[in-house]
Amino acid sequence: MARLLAAIALACAFPLQAQPQDTTLSDPTRLGVAANTRYLDAAGRPLDYVSFMRQVNDGKRYSSTRDTRAGAAMLRITGPVPGHRGIRLAFGRGDRFPPFELPVLEGGTKRLGDLHGRYTLVSFFFADCAPCIAEAPMLVAYAREHRDMNFVAITYEDAMEAKRFASDRHFDWPILHDGQGLIDVLGVSVYPTLMLIDPDGRVAGAAVGMAMRDDQAKRLADLTGWIEQWKRAEPSAPPPGETR
C-alpha cells in the first residue's frame, strides 16, 4: 500500500507554484513548555521547547496552528529539509492531527474537536490546481455515498477564491479557508492531498495526488479502496510520551 501511494504521488502529484506565506504566533516564548503545545523541526520530528527556540533565535522561521478553545497549539520550523525531495508531509498513520480553528466558507469556525466521533476525509486544494479541479466531481460523489463520514476541504486561499472554486466546480463540501498555518505544520506541499482522520482525531491514512489519466469511475474506485484499507489497517503505536 505504501509503495502504491508513493508511486502515485511521484507520478501524478501537482506541486504548488506560489510561495506560501508563513502564519505564525506572535511570540512562541509565551507558550513555553505546556502539555498541549508541541514543537516540530522542519522534517516534522518532535522538538523540545529549548531546541525549538534555539532554531528560532538562529533566524529560522516557523508556522503554527492552534485551537484556543482546547488550549492546544503546534509549531513547526519551516524551510527546506536536507536530503528531502520536496514532499514534506510528515504526519503518518497514528499521528494526532494538529489542532486548528479555521473559518468556514458558509460562516462560523470549525475545529478538530468538531470532527471527533466519525471518520473524516480532508482534501487540501487550491482554486487553480488542475488535478484538484479534476477530482472534485469524484469527491462530491464519494461524499454523497458515505453519509456516515465527515468531509472537509482546506485551502490556504481566502474566502473569495474558495467561493470561486466551490461555485465553478459545484463542490458542496464544507470549505475551510485561510489555512496556511495548518498546511505548513502538516507539511502539505503537493496538491491535491487527501488525509483520513479517525474518530479519535488521529491520521488513519494519506494519499498525495490523483491519477489524471484515469476516468472518474476509476478514481472513485481507487479512493474507496484506499479508505477501506486505511480503516481496516491495524492502529499504529502513538509517538513516545503520548497515549491514546
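Mentor: A residue is called buried under 20% relative accessible area, exposed over 50%, and partly exposed in between, using a 1.4 Å probe and protein chains only. The model is predicted, so local features need pLDDT of at least 70, side-chain atom pairs count only at pLDDT 80 or more, and totals for chains, interfaces and linings use all residues. Residues are numbered from 1 along each chain as its sequence is written, and side-chain values use heavy atoms, with hydrogens and water left out.

Trainee: Why is Arg 164 called partly exposed?

Mentor: Arg 164 has 30% relative accessibility; partly exposed is the class between the buried and exposed cut-offs, so the term applies.

Trainee: What makes the contact of Arg 164 with Glu 161 a salt bridge?

Mentor: A salt bridge requires a side-chain nitrogen of Lys or Arg within 4 Å of a carboxyl oxygen of Asp or Glu. The closest N and O atoms of Arg 164 and Glu 161 are 2.5 Å apart, so the pair qualifies. These residues are 3 apart in helix 4, and therefore separated by about one helical turn.

Trainee: Why is Arg 111 called buried?

Mentor: Arg 111 has 14% relative accessibility, which is under the limit, so Arg 111 counts as buried. Its salt-bridge partner Glu 101, at 3.2 Å between the closest N and O atoms, is partly exposed at 23%.

Trainee: Which residues are linked with Arg 111 in a network of salt bridges?

Mentor: Asp 67 and Glu 101 are linked with Arg 111 in that network. The whole structure holds 7 salt bridges.

Technical notes. Helices (H or I, at least four residues) and strands (E, at least two) are DSSP runs, numbered from the N terminus.
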